[in-house]
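Visitor: I'm new to this and would like to walk through a structure with you. Could you bring one up?

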Amino acid sequence: MTPPTDLSMAEDIAGGADQAPPVLSPKTRPAAPASGAAPSSRQTQKEATRNRVIDAARELFDTQGYQGTTIREIARHARVSVGSVFTTFASKGEILSQVMEDRLDGLYAELDRVVPNLRGSTSDRLRSIFAIHFSFEARRTRLFLAHIAAAYDWTLPPAARPMGRNPRLIGIIRECFAKGIADGDVCPSVEPQEAVDLLMAAYVWIYRMAALNGADAPEMTSAMDRQIGLIAGGLGPR
Amino acid sequence: MIHSQIKAVADDNVTKAPTRRALAKQQTRAKVLAAARRLFSEQGYEGATIRDIAAEAGMSTGAVFANFTDKSDLFREIMLTDMVALAEAMAEGATHGNGCEDTLLKIFGAGYRFYQTQLPLARAAFSVGWSPEDGPALRNAPPVQTLLGLISEQLTRGEQNGELTAGSAEPLRTQMLFDAYLSNYDQAIFQGWSIEALEGRARDQIRILLAGARRK
């Protein structure tokens, strides 16, 4: 497996040419249990259907957008019946959540490896973390925008919040601030939650540049860099 | 109730022959807009069809299309009307502020109060705002520029009265303050936050965004 070129930045940051190539999406599918009883054919069948639906949905959301894609089309592309889509997923929103979840597993596996090796000031480290996100998402901009559009979809069950809550990214940023405070780089009186919220808001809104102006990863990254600079300007030791 | 009011107005118009046609057209528009507002609030932007809106307004789809080019035209009209009123409410809020941070907070609070009773419509607006087709018209609408201008004005005032360092009123800071204001609607829409909770969060956000600009 060759490492995807657009994560070369992450590789550089980690200085990890000698490390294992990043495992990225599509997520390695859970294989059938390696030992013990052979999986029932029903289980494998269900797993196969799920994977086909996810693969078809990823392509359709990315080419046609979220609103423009119907469950019926997803079923047709996946070569399964509409009924069997619904035995696995409750709604279109849930399929999208799963598509994003699978993709992000790859991204965060990579970040877990890269982040501990980041050097520099808190804002430098934040910039690297977001740059990795933009270069990852910009490969499938429409898919990410579908993710955003779905957040306001009426058909979503109240519990589903596909966008805006990203516990893994929030955790990474929190750690970044904690390290900043430990290093004397960030004022200890800063309430991390508010800073995290602002960064997350900035991160999500920057995709507006992609949605409305067709901005690419470098453009989004440089806009984010400026915003991080402004936020960090208010967080330093007084 | 709205229907009976409109009917009463319509009956009055019979006597005012010269403007009757124009008034009738205006009333049709108002009826369609009221119906559309209800349906967008109940079913979201995607969920509401022109056919449903026409039925809700008690007229044919043809009559709707005689007044609006399409659904996005209809939605834009509703949003623009609201945004003009929103901008006025926020400008009024600004007059109660004391100092840069507090004035910005009063502006934001006025906005949250304005949308407090129509959050479903705000949700539909966010959804449309992200769409590549209809988003730009909404985001670049003149009332949005007015809101940005109002925020920028507070920063400039802060520079002038010595609260903030020169150059603090940069477009980036203005935009980020506006984005922070907007981002809190997620809490209002999805988590039912109270106005007080939204204001508390906005206050902290404003503090961080102004911190780097304060005179030390």
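Visitor: Does A:Asp105 count as buried, exposed or partly exposed?
Guide: Keep in mind that this is a predicted model. Buried means under 20% relative accessible area and exposed means over 50%. A:Asp105 has 24% relative accessibility, so the label is partly exposed.

Visitor: Which residue forms a salt bridge with A:Asp105?
Guide: The closest N and O atoms of the pair are 2.9 Å apart, and the cut-off is 4 Å. The pair links distant parts of the chain, with A:Asp105 sitting in helix H5 and the partner in helix H8, 63 residues apart. That partner is A:Arg168.

Visitor: Why does the pair of B:Arg201 and A:Asp197 join two chains?
Guide: Their side chains meet in a salt bridge, 2.7 Å from N to O. B:Arg201 lies in helix H12 of chain B and A:Asp197 in helix H9 of chain A, so the two chains joined are B and A.

Visitor: Is B:Arg201 buried or exposed?
Guide: The cut-off for buried is under 20% relative accessible area. B:Arg201 has 9% relative accessibility, so this residue counts as buried.

Visitor: Which residue forms a salt bridge with B:Arg37?
Guide: B:Arg37 is in helix H2 of chain B, and the partner is in helix H5 of that chain, 45 residues apart. The closest N and O atoms are 2.7 Å apart, and the partner is B:Asp82.

Visitor: How many salt bridges are there over all chains?
Guide: The rule asks for a side-chain nitrogen of Lys or Arg within 4 Å of a carboxyl oxygen of Asp or Glu. Over all chains, the count comes to 22.

Technical notes: Residues are numbered from 1 along each chain as its sequence is written. Chains are lettered from A and ligands numbered from 1 in the order in which they are written. This is a predicted model: local features need pLDDT of at least 70, side-chain atom pairs count only at pLDDT 80 or more; totals for chains, interfaces and linings use all residues. Side-chain values use heavy atoms; hydrogens and water are left out. Helices (H or I, at least four residues) and strands (E, at least two) are DSSP runs, numbered from the N terminus. Buried means under 20% relative accessible area, exposed over 50%, partly exposed in between (1.4 Å probe, protein chains only).
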